[in-house]
Amino acid sequence: MVTTQPPADASLIPPPGCPAHGLGPDGLRRLYGPEAEADPMGLYEKLRGEHGAVAPVLLHGDLPAWLVLGHRENLIAMRTPSTYSRDSRRWTAFQENQVAPDSPLMPMVAWQPLCVFADGAEHKRLRGAVNDSLGMFDRRGIRRHVTRFADQLIDGFAAAGSVDLVSQFAEQLPMLVMTQLLGMPEEYGPRLVEAARDLMKGTETALASNDYVVTTMQQLVERKRVAPGPDLASWLLQHEAELSDDEVMQHVRLVLIAANETTVNLIADTLKMVLTDHRFRANLSGGHMTLPDALDQVLWDAPPLSAIPGRWATGDTELGGQKIKEGDLLLLGLAAGNVDPAVRPDLTTPLYGNRSHLAFSSGPHECPGQDIGRAIAETGIDILLTRLPDLQLAVPEDELRWTSAWLSRHLAGLPVRFTARRPKPASAAETTAEVAAPVPAAAPVAAPEPLPVVEQAQRRSWWSALAARFRRK
């Protein structure tokens, strides 16, 4: 029975089923919309309290899925591919034509010729090529790239005495380094930063942003066929697994997007913790905790990706007390699993150096590039704190803001102040650049121009064609 009066202006009440409510028509909670984006961790805890370790949720378009909240249950889903497959073509929503061709879910869940969508022998073939190619990087060479670009970025704001460490450092450094590792001109970096972040958010322009990334990667693969170099794209093309050009393009795209998003968030959240947690900073500066240990604490408390899609049930099963049907989609709740009371009854207890977190997944699909991401974050943060040791937060901590999407939570800004300093002497910077410079390659192909907004809305995305193939099956 209703016991409260409606507001004077009833027109302000969102209609039933509106995403503003946070609930779908059947009462399930949405993982998208204002409520979910305002406080994702709060939403996870509501779901844990209501459903336990595995909760029914709704994705964009009110498509049903299961969010895995328990640490143990996440590991079961990650490590049992015979029960929880990575092949998204199993999804009932695809088989029943419930997913719109322009759904913002498509860039992340539509099947592609990638190791992350494969199981068994095909996964072994594709994953082997990725592992072998990533393993060819010289870790010292990676750190030289990071040093070079970190110094360049710091030189750009050192004399100002203030900077936003998110937009002017954390969001720039990983992509600048990744362009070098992938064999791309560094001027590609700024546009790719914007496009890669947009497609991860599941926005209305996510498909167009993905098109831009794909076109750029296709150009890269074509170029490396003619002029190979010491880079990931070339090594994948040359691998004995004989990947097709499309398979190489897709894996380069995957590495670029995954490495950028996760490393940006890892750098930003670690710097935020250094600047706001005095005990954390004291342990770090006093030598009681190493920077790698500090990264592990952040990976527990604020994993770079909050959730990852997904796993698809190969048959009817049960997980966390829930009856999972064949073809159901499971999202792995990395952030929720990391704060599961079953493994962390006291969230204030430090976990320095403990790597049993879920931040990089586990099992056969554990992130293959995690060491590279950690190297970029660790080296970049170390250089920043060494060159600007008196960094101080320029605003009260409670004024910091985050932007959230269905897969990640991103610190929107980290304004700091410090004693203004002169940039490094040119000779030192030039020496670093010479040491880190990649082997010369053919003249770069111009990066494609960003699509006009109107054209983005009107054009038929290649994802639409991909979705159409699902409907013909």
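Here are legends for a handful of close-ups of this predicted model.

View 1. The strands line up in the order 1-2-3-9-6-4, and their pairing is mixed. Strand 1 (29-30) and strand 4 (84-85) sit at the edges with a single partner strand each, so one side of each has no neighbour in the sheet. Helix 2 (residues 40-51) packs on this sheet, touching strand 1, strand 2 (54-59) and strand 3, and its direction makes about 130° with that of strand 2. Helix 3 (residues 71-79) packs on the sheet too, with contacts to strand 2, strand 3, strand 4, strand 6 (308-313) and strand 9; here the angle is about 120°, taken against strand 9.

**View 2. Strand 9 and strand 6, with their partners.** Strand 3 (residues 63-68) runs parallel to strand 9 (residues 329-332), joined by three bridges, and W66 stands opposite L330. Strand 6 pairs with strand 9 in the antiparallel sense over four bridges; look for W312 opposite L329. Strand 4 is also antiparallel to strand 6, through two bridges, with Y84 facing A313. Six of the six residues of strand 6 are buried, so the rest of the structure largely encloses this strand.

View 3. The side chains of E50 and R29 meet at 2.6 Å, N to O. E50 belongs to helix 2 and R29 to strand 1, so the pair ties together parts 21 residues apart in sequence. E50 is partly exposed, at 43% relative accessible area, while R29 is buried at 15%.

**View 4. A salt bridge between distant parts of the chain.** D151 and K424 pair up through their side chains at 2.9 Å, N to O. D151 lies in helix 7 (residues 139-157) and K424 in the loop between strand 13 (415-417) and helix 18 (426-436), 273 residues apart. D151 is buried, at 5% relative accessibility, whereas K424 is partly exposed, at 34%.

View 5. S234 lies in helix 12 (residues 232-238) and is buried, with a relative accessible area of 1%. Its side chain makes a polar contact with the side chain of D231 at 2.8 Å. D231 in turn forms a salt bridge with K224 (2.9 Å, N to O). D231 is buried at 2%, and K224 is buried at 4%. Leaving aside residues up to four places away in sequence, S234 touches K224, P228 and G229.

How values were computed: Residues are numbered from 1 along each chain as its sequence is written. This is a predicted model: local features need pLDDT of at least 70, side-chain atom pairs count only at pLDDT 80 or more; totals for chains, interfaces and linings use all residues. Side-chain values use heavy atoms; hydrogens and water are left out. Buried means under 20% relative accessible area, exposed over 50%, partly exposed in between (1.4 Å probe, protein chains only). A polar contact is a pair of N or O atoms within 3.5 Å; within protein, one must be able to donate a hydrogen and the other to accept it, and residues adjacent in sequence count only if both atoms are side-chain atoms. Contact means heavy atoms within 4.5 Å. Two strands pair if DSSP finds at least two bridges between them. Axes are lines fitted to C-alpha atoms, for helices over the stretch in contact, and angles run from 0 to 180 degrees between N-to-C directions. A salt bridge is a side-chain nitrogen of Lys or Arg within 4 Å of a carboxyl oxygen of Asp or Glu.
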